[in-house]
Structure formats: structure tokens, C-alpha cells
Amino acid sequence: MAWIDALFKRMVEVGASDLHMTSGTKPRFRLHGDIVPVHECDPIPPDQMRLILKEICISSVWETYESSLDADFAYEIPGLARFRGNLFVDSRGPGATFRVIPEELLTFDELGLPDVARDFCMLTKGLVLVTGPTGSGKSTTLAAMIDFINKSRSDHIITIEDPIEFVHQDQRCLINQREVKQHTASFKRALKAALREDPDIVLVGELRDLETIEIAIETAETGHLVFGTLHTTTAPSTVDRIIDQFPADRQAQIRTMLSSSLKGVVAQTLCKKKAGGRVAALEVLAVTSAVSSLIREGKTHQIMSIMQMGAKSGMVLLNDALTKLVAEGTVAPEEAYSRAVEKDGLVASLRAAGVDWEPGAVGRAPVPASPLPASTVDLPADMTPVQGAANPAAPAPSPVPGPQPALPSMGPGPVEGDAPQALEDPFEQYKRQRG
């Protein structure tokens, strides 16, 4: 068992979405949107952080990290969850961020996705985009859509991801999941190859560059259903973002191609719930003939007007989604206001919905306490990074020449004169020290 597994188990136990590991500081969880320290742990020095991270990396990932100082990978604890990891180096030393990927896929109903998202899943060709800021749940939404297709259609699905996050089992569909740098050199190379692999549906984890976007549009035009993600905050801005990726002399051609291939955009933003946890506010654009004409003619600024009148087609504006969450009592008006793009429009929408609220002066938010209950999971007694049993998903770390740094104490050390003993689980030690 790797040393960091204890933090991963605690992360899942308390419902945190992310784990932040920074040299010289305590590990921190993102819990219901807030960053909170794991008080039971002591700050981790850089040399010890390096050993902790190396223990869970396969050799190719660690070589990439040492050569480029950045690396993406996935790590799994069977029976618990998968974790998407990013290794980096900053001014303090080695660091990492991990996001939990639940083993069980959430359904449309559990995520509160609109009915039009099901319609997108039943298309036979076209481009469907799920957009939003980093950490807004795009991968979770796409996984729910692929799972819905897997249960309701009999098709061949190819996913291209970096890294593979949600693992899909074949049900009615055949699913091939490819990971960039592990199973293919790049998104664009895998996307080109996919055309020769008889797919019905292709999922591109991220449309990162011009060539990948172009191939995705061409794939959609050739009779395939393509899902992808972009880091945009609204549905209309997604259209502009795609077009602006291309040189000016090609934008007219891309507008024409996009107007016929784009079928829908789901733009989502995560909001903190009053009762704890987070909920997604979804802006939905269904590409009707009117929207298609605006894209082709370069009048994307008018798409918002079409969306305001497009409720029958399943279209939803972000402000309408935020207003609904506030009116239902799920989200506080201040939270909705902070997430809105058109803030004046949201205030007017709240008034129309009977919510008596005005934006006040911006003050300093209270520092959240660490709402971490006592751990109830059974954790190993020996958590030494180098000497502990290796995780089956990662090879045993190679010996490091010279003296090995000790594991972070995560609490007061042994009393002088005591016999040597294995390092106590940090969470059990914390509970014992406090009675």
C-alpha cells in the first residue's frame, strides 16, 4: 500500500473532490468548493514529497515528469476510486493535484441533466461539445452521456483521453478507450486513426489545438457522432472560440462546416449549495436551423437572442439556470451572482422570479473551518513510502542513492527512550492524541 493511499481514502470518505500536495505545507482537500487543510498532517518537505509521488508513478510517467517537470496520469485503488493526477514543480519543490473519479458512473437523473442531453446522445452524426472552466464536471457529464449510449444503443465507441478517467465496461456497445502517451502519441493522431477503426461515436477528451478541432469537425461531417470538451464559459462563446482558432482566410470555410456539423453545446458551471456540496448550472444550446444560419453568416452575437426564445428546443441560458437554482433555495443569490457572466441580467432575472436581493459591497469571505470528521476507514500501520508494499498499479520505486529521507511525521515523534516502532496511521494517531 502506498503512503498517499491513506489520504486518498480519507478524501473519498469526507467527500472531497481534489487533493492538493505542495512541498512545505500540509496536504489540502477541496471540500464543497473550499480549500481546507488536513490538520492531522504535518507539512511535507520537498525530498519526502518526491518519494511520496514517485511511489505511485509508473516509470514512463516519472521519466516524463523528470524531463518536462509536468506529467498527467491516472492512479487507481481497486474498490475505492480512480484518481486523475497532475505532477508539477513550483517555487517550493515537487507538488501534485489529484481529482477523484468515482468507480460508479452517475446517471442523467443523478446529475440533473436536461432531456435535450438525451436527444444529443441519440444523434447519428454531428459534433456535441461539453464546455466549462477547469473542474466544472465536464468529464462527469460526458461519462454519463457515454454510459447512456452504452445502455441504449448498439454501436462502436472510441474514447481518446489524457488520462483515461471513467472506465466503461462493454454493455450494448463495444468501447475502446485510448490514453494519450500510453496508447497513442497525441489527440490528433488518435483522431485520424479512429476514422480507420469503424467507429460510430468518438469522444475526444479535449480539443486542444487547431488541427484537433479541424479533424473533429471533419469526423462529424463524415457521418460520425463526436463528443468533445472546451474550456469556455458560455455556449455562444464556444462557437466564437472554435472559429477564432483558425486563420482569418479560413474562417468562412470553418463557419460553413461548423454550421452543418455542430448539433449542441452544454456549458456548465459548478455552484456551492447552501446545504453543502455543489450543483451544476447548465447553459444549453441546441443548434436549430436559425442558429445554423447565424453561425454560417458570422452573426454569432445574435445566438443569445435565439436561445432566449428557444425553450421548446431545450435551450437554457446560464442566467435562467442560476435563477432557477436560487428560486428553489438550492444556491444562495451571492453564489449565483459570482458565477454569472451577465451579472446585470441575473439581477433582473432574480427580480422577475420574485427573489428580493441586491448585490452588496464585496467583503472578505470567512475562512472556512476544516469540516473533516474523524476517519472511520481502516488504514495500514506501516505507511513508509520506500519500504511499504508497492501498489499493484505501480512498480516498486527504484532505489535512490545516498541516505533516504524519512517519512513526514504527521504528528509528534516518539518519546526519547521508546523502542523503535512502525509509523502510526496519521488519522488514528490524531484521534488518539485527542482522546
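**Helix packing and the sheet**

Tutor: Helices α8 and α10 are oblique to each other. This is a predicted model.

Student: At what angle do α8 and α10 pack, and how far apart are their axes?

Tutor: Helix α8 (residues 210-221) packs against helix α10 (residues 251-261) at about 50 degrees, with the axes 9 Å apart.

Student: What is the handedness of the crossing of α8 and α10?

Tutor: The crossing in which α8 passes α10 is left-handed.

Student: Which residues meet there?

Tutor: From α8 they are I217, E218, A220 and E221, and from α10 they are I254, M257, L258, S260 and S261. By class, the residues of this contact comprise five nonpolar, two polar and two charged.

Student: And α10 with α11: how do their axes cross?

Tutor: The axes of α10 and helix α11 (residues 289-296) come within 8 Å and cross at roughly 170 degrees. Angles over 145 degrees count as roughly antiparallel, so α10 is roughly antiparallel to α11.

Student: Which residues make that contact?

Tutor: R255, T256, L258, S259 and S260 of α10 make the contact with S292, I295 and R296 of α11. The classes in the contact of α10 with α11 are two nonpolar, four polar and two charged.

Student: Turning to the sheet, what is the strand order?

Tutor: The order is β9-β8-β10-β11-β7-β12-β13, an open sheet of seven strands with mixed pairing. Strands β9 (174-179) and β13 (278-286) are at the edges, each pairing on one side only. The twist from one strand to the next averages 15 degrees.

Student: How many bridges join β7 to β11?

Tutor: Six bridges join β7 (residues 126-131) to β11 (residues 225-230), and these two strands run parallel. T131 stands opposite L230 in β11.

Student: Which strands does α6 touch?

Tutor: Helix α6 (residues 138-152) packs on the sheet and touches β7, β8 (156-161), β9, β10 (201-204), β11 and β12 (262-272). The direction of α6 makes about 165 degrees with that of β11. Helix α13 (residues 318-327) also packs on the sheet, touching β12 and β13, and its direction is at about 145 degrees to that of β13.

Student: One more topic: how many aromatic pairs are found?

Tutor: Seven aromatic pairs are found in the whole structure. The rings of F8 and F83 are stacked, because their centres are 4.2 Å apart and their planes lie at 20 degrees. This pair links distant parts of the chain, with F8 in helix α1 (residues 5-14) and F83 in strand β5 (residues 81-90), 75 residues apart.

Conventions. Residues are numbered from 1 along each chain as its sequence is written. This is a predicted model: local features need pLDDT of at least 70, side-chain atom pairs count only at pLDDT 80 or more; totals for chains, interfaces and linings use all residues. Side-chain values use heavy atoms; hydrogens and water are left out. Two strands pair if DSSP finds at least two bridges between them. Helices (H or I, at least four residues) and strands (E, at least two) are DSSP runs, numbered from the N terminus. Axes are lines fitted to C-alpha atoms, for helices over the stretch in contact, and angles run from 0 to 180 degrees between N-to-C directions. Contact means heavy atoms within 4.5 Å. Angles under 35 degrees count as roughly parallel, over 145 as roughly antiparallel, 65 to 115 as roughly perpendicular and the rest as oblique. A crossing is left-handed if the near helix is turned anticlockwise from the far one by less than a right angle, and right-handed if clockwise. Ala, Val, Leu, Ile, Met, Phe, Trp, Tyr, Cys and Pro count as nonpolar, Asp, Glu, Lys and Arg as charged, and the others, Gly among them, as polar. Rings of Phe, Tyr and Trp (its six-membered ring) pair if their centres lie within 6.5 Å; planes under 30 degrees apart count as stacked, over 60 as edge-to-face and the rest as tilted.
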